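Open your viewer and load the model. We will go from stop to stop, selecting a few residues each time.

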Amino acid sequence: MAAAADGAEESGMEVQAPELPLGCGGEGGSPAAGESPQSEERRDPPQASVSNGGEEEGGRELVELKVIWNKNKYDVRFALDSTGAELKQKIHSLTGLPPAMQKVMFKGLLPEEKTLREIKVTNGAKIMVVGSTINDVLAVNTPKEAAQQEVKAEENKKEPLCRQKQHRKVLDKGKPDDVMPSVKGVQERLPTVPLSGMYNKSGGKVRLTFKLEQDQLWIGTKERTEKLPMGSIKNVVSEPIEGHEDYHMMAFQLGPTEASYYWVYWVPTQYVDAIKDTVLGKWQYF
């Protein structure tokens with residue numbers, strides 16, 4: 001046998017070397033310090049989940065929410081033991097909507113003092129938010145204020161409204177017999193019943209009903225009733241009637257020009273300011 005091995009070596013045949021242990025470490029196949037064995041799989045670090053809500057620390061249980069505001073949707077991860085007031089602060093950071101101007105709804109109005117766990121919020125719950133930012137409110141109010149100033153400037157240039165021909169034909173009919181009584185020098189809230197007994201521009205009887213719960217003004221005549229959203233009325237102008245200063249003539253501006261004014265005559269003076277404040281929305285803010 002030794003001769004055969006020698007012969008194989010002399011004929012150029014390769015002789016298999018002893019198998020070395022895997023790894024470059026020390027004796028017996030142990031890996032070098034700080035190195036992993038080749039047979040062990042490399043593990044990637046865990047990927048952090050991505051959400052608009054951010055991660056909570058301290059082992060607090062999170063819940064995934066869908067916050068919906070102004071046709072925008074936000075995926076939020078939020079602590080289940082946080083209160084409704086804390087959720088409003090989070091919504092503020094997402095939308096810019098101040099907490100005081102938010103109406104947050106989950107199965108009704110969200111209570112600020114209770115936690116999400118207490119009101120049984122679960123993963124995937126939809127949180128509806130209603131409200132306008134300060135900039136939105138200003139953007140709506142500014143055109144109305146500008147329109148008021150322009151109308152006032154025009155009124156100062158013109159003769160009194162009650163002397164103009166278009167109004168004289170109605171005023172010359174005299175005060176209606178069934179018009180509501182007036183109280184000069186007093187400002188009162190709107191009555192709970194419609195204001196009635198007045199004339200419109202055509203000389204027909206008209207009544208005004210303020211549907212505050214629907215945010216509408218109803219203008220009723222014998223023929224029909226117009227239901228106008230308060231927001232569609234750009235301005236309200238009025239002027240005392242000469243010789244009857246305890247009554248006003250009043251116009252609701254429904255469009256950009258004077259042709260869009262809806263005129264009402266013999267409005268009791270004690271309700272004039274309340275009508276303007278209600279229609280122009282001043283009672284709604286702050």
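This is a predicted model: local features need pLDDT of at least 70, side-chain atom pairs count only at pLDDT 80 or more; totals for chains, interfaces and linings use all residues.

**The whole chain**

Now zoom out. Colour by secondary structure, and you can follow 5 helices and 11 strands. The chain has 286 residues, and 35% of them count as buried. Show the surface next. The chain exposes about 19000 Å². Carbon and sulfur atoms supply 50% of that area. Then think about contacts. Among those between residues at least 6 apart in sequence, 50% join residues at least 24 apart.

**Stop one: Glu 61 and Arg 117**

Across the whole structure, a search finds 8 salt bridges. Glu 61 sits in the loop between α1 (2-10) and β1 (62-69), and Arg 117 in the loop between β3 (103-105) and β4 (125-130), so the pair ties together parts that are 56 residues apart in sequence. Arg 117 is partly exposed too, at 38% relative accessibility. Glu 61, Asp 81 and Arg 117 are linked in a network of salt bridges.

**Stop two: Lys 88 and Glu 112**

Select Lys 88 and Glu 112. Their closest N and O atoms are 2.8 Å apart, in a salt bridge. Lys 88 belongs to helix α2 (residues 84-95), while Glu 112 lies in the loop between β3 and β4. The pair links distant parts of the chain, 24 residues apart. Is Lys 88 buried or exposed? Lys 88 counts as buried, because its relative accessibility is 9% and the cut-off for buried is under 20%. Glu 112 is partly exposed, with a relative accessible area of 39%.

**Stop three: Glu 242 and Arg 163**

Last, select Glu 242 and Arg 163. Their side chains meet in a salt bridge of 2.8 Å, N to O. Which parts does this pair tie together? Glu 242 is in the loop between β9 (235-241) and β10 (244-253), and Arg 163 is in the loop between α3 (134-157) and α4 (165-171), so the pair joins parts 79 residues apart in sequence. Glu 242 counts as partly exposed at 40% relative accessibility. Arg 163 counts as partly exposed at 48%.

How values were computed. Residues are numbered from 1 along each chain as its sequence is written. Side-chain values use heavy atoms; hydrogens and water are left out. Helices (H or I, at least four residues) and strands (E, at least two) are DSSP runs, numbered from the N terminus. Buried means under 20% relative accessible area, exposed over 50%, partly exposed in between (1.4 Å probe, protein chains only). Contact means heavy atoms within 4.5 Å. Accessible areas come from the Shrake-Rupley method with a 1.4 Å probe; for residues, only the protein chains shown count as cover. A salt bridge is a side-chain nitrogen of Lys or Arg within 4 Å of a carboxyl oxygen of Asp or Glu.
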